[in-house]
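Q: Could you walk me through how to read some local features of a protein model? I would like the general idea each time, and then the case at hand.

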Amino acid sequence: MKYTCGADADRAAMLASIGVRSVDELFAGIPKDFRLKGGLDLPEALSEIEVMRRMEELAGKNRPGRCFAGAGSYVHYLPAAVDALASRSEFYTAYTPYQAEVSQGTLTAIFEFQTFICRLTGMDVANASMYDGATALAESVLMSVGVSGKKTVAVADTLHPHYRRVLETYCWANDVEIRTAHGEAGVMMTPAADALDGASALIIQSPNFFGCVEDVSALSSAAHAAGAHSIVVVTEPHSLGLLAPPGKSGADIVCGEAQSFGNPVGFGGPALGMLAAGAGFMRRMPGRLVGRTVDSAGKEAYALTLQTREQHIRRERATSNICTNQGLCALRAAIYLSVLGNGIRKLAILNHKLAARCKKSLSSKGFRPVFERPYFNEFAVKIPGAPAVMKRLEEEGYVPGVHLGDYYEEYEDCVLICCTEMTGPDDMDGFAEAVARFAK
Amino acid sequence: MPVIFEKSGCGRSAYPMPEWKLDDADPIPPELLNDGVDLVEAGELDIVRHYTALSRMNFGVDTGMYPLGSCTMKYNPKINERVAALPGFTGLHPLASRGLSQGALEVLHGLSGLLCAITGMRRFSLAPAAGAHGELAGVMVIKKYFEKRGERRGVILIPDSAHGTNPASVAMCGFETREVPSTSEGDVDMEKLRSIVDQNVAAMMLTSPNTLGLFDRNTPAIANLLHDKGALFYCDGANLNALLGVVRVRDLGFDLMHINLHKTFSTPHGGGGPGSGPLGVCDELEPYLPVPVVLKGKDGFHLEYDRPDSIGRIHSFYGNFLVALRAFVYISMLGSEGIRDAGETAVLNANYLLSLLRKDYNLPVDRACMHEFVLNDKNMPGGVTTNDIAKRILDFGYHAPTVYFPLLIPGAIMIEPTETETREMLEAFAEAMIAIKREAETSPETVKTAPHTTPVGRVDAVLAARKPVLKWEP
């Protein structure tokens with residue numbers, strides 16, 4: 001298959017206009033010894049029919065199942081309107097909206113996305129998106145360090161371990177030291193003064209990796225008392241339908257993952273990083289920002305703005321190197337949030353109740369929660385012989401949560417379980433029964 | 001255009017909320033709760049009309065020719081979208097066990113192999129979510145390589161024609177950048193380069209072909225010069241489209257590179273992402289790739305984390321998987337011959353378009369170009385500038401070229417037609433560009449006040465920056 005349509009006659013005329021005899025001559029600048037003599041070592045080209053068959057076969061080797069896994073990636077219902085609108089190719093075949101006059105669609109939608117994120121997080125300014133939650137955190141830390149000049153950060157040990165790893169990578173490259181602030185019983189405790197001493201920021205996740213809701217206000221106050229920024233990470237933004245906006249609880253920067261707003265899990269990507277902050281950070285933000293302005297007739301219009309922060313202008317002094325972000329995912333989130341609207345509160349309560357129901361079902365079969373803390377739609381439960389039980393559950397068509405023992409030795413028999421509207425009340429009972437059956 | 005918040009009406013809803021009877025949950029202390037939310041209350045038809053109207057104010061490859069230089073806005077085949085919507089891929093949780101995700105792992109492993117065949121590299125990591133992310137990971141690999149060797153090298157060289165992401169990525173890894181000048185013919189100035197490559201230079205980053213659309217004739221010589229001093233050679237693969245099937249990047253002496261799947265391998269750009277920027281490395285740098293890497297063992301594919309020399313994790317999960325999937329489909333369909341045809345036709349189209357425009361537009365560096373070429377506004381009549389030309393071409397139904405980049409050409413107009421445009425389309429675009437030149441002679445005001453037919457008139461970017469309004473408020 002080819003997507004070019006150069007007939008031989010066209011080629012001959014084009015070469016004549018250029019003034020060369022062959023296409024080969026156009027590559028004369030590449031030393032001949034380096035040019036490939038034969039073809040590339042690629043598999044035989046497939047027709048569209050064949051490729052579809054092959055890809056369906058590969059898709060069939062995946063077993064998405066009834067999913068009780070969360071931990072930073074969430075299966076939620078995608079209203080039909082989201083796919084229908086986001087698959088309009090005027091949106092998805094566009095580039096970054098450099099030419100504002102023919103990009104008002106993308107620009108307006110991103111402006112709406114920024115507004116949604118500000119309203120949910122309680123922050124003043126949100127950018128057009130980051131790659132994912134973990135890099136949004138890493139960039140938030142670099143922003144904090146850039147503002148404060150202090151090269152140490154304190155990180156709650158209840159942070160998602162993948163986020164911690166990504167943060168370690170970025171901090172290693174930037175010579176930033178990471179200290180761990182320890183908690184107990186599934187939540188952060190007010191960190192000891194020495195953990196915060198000289199720190200640029202305290203990083204808190206809520207709901208945290210174990211599903212427990214942190215006391216963001218108390219922790220932010222502790223951070224502020226030590227002269228540090230409070231950076232709050234949110235990996236399940238539906239929680240903001242129910243929980244206090246971090247901005248109202250003292251957060252200076254809110255970052256994390258917004259995939260669960262209108263984007264499929266898709267084996268972890270495309271994800272949708274979000275980054276929001278207080279007004280004071282506006283000119284230090286990484287990434288694209290869309291602003292409102294007017295056109296030549298004075299009509300309302302939108303444009304990329306404050307670009308002197310960015311790499312294409314400021315080069316090595318830019319606030320970040322980010323260029324392409326997750327625009328279409330942000331558009332999907334804007335559409336999704338328009339559809340969900342103020343129903344987000346009801347949906348959040350529904351998720352919370354479903355998690356409670358599942359916890360109760362499991363508890364009634366003797367599987368106790370690991371932590372007795374407020375939670376949103378995820379909780380950890382103790383299942384003796386968890387790895388073997390999970391394997392059996394997979395055979396029954398479940399994606400049975402996330403095995404905490406993969407991350408923490410002390411939680412070997414613990415499983416992190418997530419419930420959304422995609423795991424209804426009937427699924428819960430079947431799931432709890434299956435767990436009981438295999439745990440014997 | 002009003003925003004969705006202005007279309008909110010009390011009590012409307014478009015979400016199909018299930019009405020399940022459920023007991024109250026364990027209570028959350030009230031101080032941890034919000035006091036309600038204020039987003040939108042709109043019906044489904046309101047929302048559908050709103051975003052449909054927005055889409056009509058957008059220009060994509062499906063709307064018309066999009067000759068945005070260095071962005072490779074080629075056609076995005078529809079089969080890619082169909083495959084990327086298969087529930088077996090979209091619905092797969094990233095922490096589903098290895099046994100549940102063999103198909104996805106096979107795609108990741110397979111794509112790495114295909115990219116290796118095309119570039120000659122040893123292995124690719126598909127974790128980087130965009131080109132700049134791939135670059136960043138690449139510079140981290142460079143840092144780790146020297147750290148493990150116990151060498152302290154603090155400088156990375158970047159030509160003056162480079163993308164802005166290069167110096168920004170370098171700075172994010174604690175290296176200092178040093179700029180390497182180009183000659184008037186658009187190659188790296190070898191004499192200058194020889195004088196600055198020393199034991200403190202960790203690497204040089206070169207876009208190949210470079211951002212003038214030229215293949216740097218000294219590329220193999222640069223590789224030798226760097227390698228003699230123990231430094232590494234990084235290829236910014238943003239322009240890989242021009243080399244497809246003609247030369248393998250590794251064979252030119254590059255040690256590592258990133259690829260933009262949303263440019264070269266036909267995945268749509270999405271109006272600003274999601275992209276994907278796989279990082280490929282040679283044998284010697286393979287241990288430093290980010291974790292996890294996908295390996296094939298006796299009993300299928302798995303994610304490998306036990307890699308002590310790795311730079312570490314760089315993504316929450318494994319990168320933009322559904323984007324990688326589209327590129328896998330594209331390469332599977334093209335095969336060796338189709339890949340070479342894409343590269344050759346991209347270069348043929350660019351040279352043909354250049355031949356149609358060279359009489360009317362100034363060509364600062366006059367050489368056979370690769371997949372793109374750079375004109376500028378020198379000698380334009382009527383005081384018409386590059387920005388005016390970019391705005392006026394929108395009225396003719398085309399997207400504008402990349403403008404004012406690369407920085408070393410004043411008033412640059414960078415044109416990349418890609419291989420998927422036909423001869424007729426290239427000719428029509430050239431006619432429009434020439435018509436603008438004529439307008440500049442006869443009625444320059446028409447050009448200077450353009451665009452005239454777009455959904456909004458010329459947008460005031462200065463006001464946007466002077467008085468930033470970054471969210472909607474009633």
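Predicted model: local features only at pLDDT ≥ 70, side-chain atom pairs only at ≥ 80, totals over all residues.

Q: Let us start with the overall picture of chain A. How many helices and strands does chain A have, and what are its spans along the principal axes?

A: Chain A has 15 helices and 16 strands. Its C-alpha trace spans about 80 × 50 × 50 Å along the principal axes. Of its 440 residues, 65% count as buried.

Q: Why do A:Tyr3 and B:Tyr330 count as buried?

A: Buried means under 20% relative accessible area. A:Tyr3 has 18% relative accessibility, so it counts as buried. B:Tyr330 has 3%, so it counts as buried too.

Q: What about the pair of B:Phe5 and B:Trp472: what are its distance and angle?

A: B:Phe5 and B:Trp472 are stacked as well, at 5.7 Å centre to centre and 10 degrees between the planes. Here the pair links distant parts of the chain, 467 residues apart. B:Phe5 lies in the segment before helix 1 (44–55) of chain B, and B:Trp472 in the segment after helix 14 (461–466) of chain B. B:Phe5 counts as buried at 7% relative accessibility, as does B:Trp472 at 13%.

Q: Which residues form an aromatic cluster in chain A?

A: One cluster is formed by A:Phe209, A:Phe210, A:Phe371, A:Tyr407, A:Tyr408 and A:Tyr411.

Q: Let us turn to charge. Which residues form a negative surface patch?

A: The patch is made of A:Asp406, A:Glu409, A:Glu410 and A:Glu412. Take A:Glu412: it is in the loop between strand 15 (402–403) and strand 16 (414–418) of chain A.

Q: Last, the backbone. What do most peptide bonds and phi angles look like?

A: Most peptide bonds are trans, and most residues other than glycine have a negative phi. A cis peptide bond joins B:Ser208 and B:Pro209, with omega about -10 degrees; B:Pro209 is in the loop between strand 4 (201–207) and helix 8 (219–228) of chain B. Another cis peptide bond joins B:Phe405 and B:Pro406, where omega is about 0 degrees. B:Pro406 is placed in the loop between strand 11 (402–403) and strand 12 (412–415) of chain B.

Q: And for phi: are B:Asn379 and B:Thr418 buried or exposed?

A: B:Asn379 is not a glycine, yet its phi is positive, about 70 degrees. B:Asn379 lies in the loop between strand 10 (373–376) and helix 11 (386–395) of chain B, and it is exposed, with a relative accessible area of 63%. B:Thr418, not a glycine either, has a positive phi of about 70 degrees. B:Thr418 is in the loop between strand 12 and helix 12 (423–442) of chain B and counts as buried at 1% relative accessibility.

Note on methods. Residues numbered from 1 in each chain as written. Chains lettered and ligands numbered in written order. Heavy atoms only, no water. Patch = residues over 30% accessible without salt bridge, like charges linked within 9 Å, V, L, I, M, F, W, Y side chains within 5 Å. Areas by Shrake-Rupley, 256 points an atom, 1.4 Å probe, with all protein chains shown as cover. Salt bridge = Lys/Arg side-chain N within 4 Å of Asp/Glu carboxyl O. Lys, Arg positive; Asp, Glu negative; His and termini not counted. Charge placed at Lys NZ, Arg CZ, Asp CG, Glu CD. Helix = DSSP H or I, 4+ residues; strand = E, 2+ residues; numbered from the N terminus. Buried < 20%, exposed > 50% of the residue type's maximum accessible area, 1.4 Å probe, protein only. Phe/Tyr/Trp six-rings, centres within 6.5 Å; stacked < 30°, edge-to-face > 60°.
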